[in-house]
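Good morning, everyone, and thank you for making time for this.

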Amino acid sequence: MTAPLSIASWNINSVRFRMEIVERFLREISPDILCLQETKVVNEDFPHAPFRALGYTHIAINGQRMHHGVAILSRVPLVEDDRLDWQANGEARHIGVRLENGLRLENVYIPAGGDVPDRAVNPKFGQKLDFLERMTRWSEGLSGIPTLLVGDFNVAPLESDVWSHKALLDVVSHTPIEIEALARLQAANDWVDLGRHFAPAPERLFTWWSYRAKDWAASDRGRRLDHMWASRDVAAKATGHKVFEHCRSWLKPSDHIPILTEFAL
């Protein structure tokens, strides 16, 4: 019997600044693959050596200086990789790979969208909606391709994905227009939301807490911004999903926590 394949995702908010906790997570949890977002490092400066020392010898990166950036660290071979510009401005927000078993793994960092949910006065919000629309067009062409889409989507779609639906209705990440755009993306490939597949609403399920809170755990003003979506055939092989909330209390934490799904692949 083959061991399950475990795939994790984490917006690390600077991989070099938080190297200690990334290494700790890899040592303690030991996923087969870790997808990182917001690595904030150009490709030539990416810290390969510490990950290779831990057995993650297959690494795919798409980085840029100080902002954005995505990476995939893997113990299993990566057959090919690509980088799609859904932002249409060259920002490093996507990297996709194929595993030897045929699975496509797509790692994305969707724009936050600024503070005002109105594209007429906030161009960043318009960019976010356009990014989601380009992803939707891409998703429509995935029929028959076993795919796992992971990353920081910067949208908390369900009422139970935020600490207060009422308080956040006009806050970017939980506005109706973003939720509708994300729903169109989900419908385009009949994606299965693995987080809610294993922890159905209205169960509490958050992946992000602001740095602004003096005591993030006590106030618990969380949002579920990080997601794993699978095509139906891949979702059928998912055996469990975890969020690692305790990582939010580690030294020099990211404001996001890692999430992980295991598959019988």
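Before I name any residue, let me say that buried means a relative accessible area under 20%, that exposed means over 50%, and that partly exposed is in between. Please also keep in mind that what we are looking at is a predicted model.

Side chains of opposite charge can pair when their charged atoms come close. A search of the whole structure finds 18 salt bridges, and I will take you through some of them.

One of these joins the side chains of Arg-83 and Asp-81, with 2.5 Å from N to O. Arg-83 has a relative accessible area of 41%, so this residue is partly exposed, and Asp-81, at 39%, is partly exposed as well.

Now, are Glu-106 and Arg-104 buried or exposed? Their side chains meet in a salt bridge at 3.1 Å, N to O, and Glu-106 counts as buried because its relative accessibility is 3%, while Arg-104, at 10%, is also counted as buried. Both belong to a network of salt bridges that also links Glu-80, Asp-82 and Arg-98.

The last pair is Glu-245 with Arg-204, whose side chains form a salt bridge of 2.8 Å, N to O. Glu-245 sits in the loop between β13 (238-243) and β14 (259-263), and Arg-204 in the loop between α6 (194-198) and β10 (208-209), so the pair ties together parts that are 41 residues apart in sequence. Glu-245 is partly exposed at 24%, and Arg-204 is partly exposed at 37%.

Methods: Residues numbered from 1 in each chain as written. Predicted model: local features only at pLDDT ≥ 70, side-chain atom pairs only at ≥ 80, totals over all residues. Heavy atoms only, no water. Salt bridge = Lys/Arg side-chain N within 4 Å of Asp/Glu carboxyl O. Buried < 20%, exposed > 50% of the residue type's maximum accessible area, 1.4 Å probe, protein only. Helix = DSSP H or I, 4+ residues; strand = E, 2+ residues; numbered from the N terminus.
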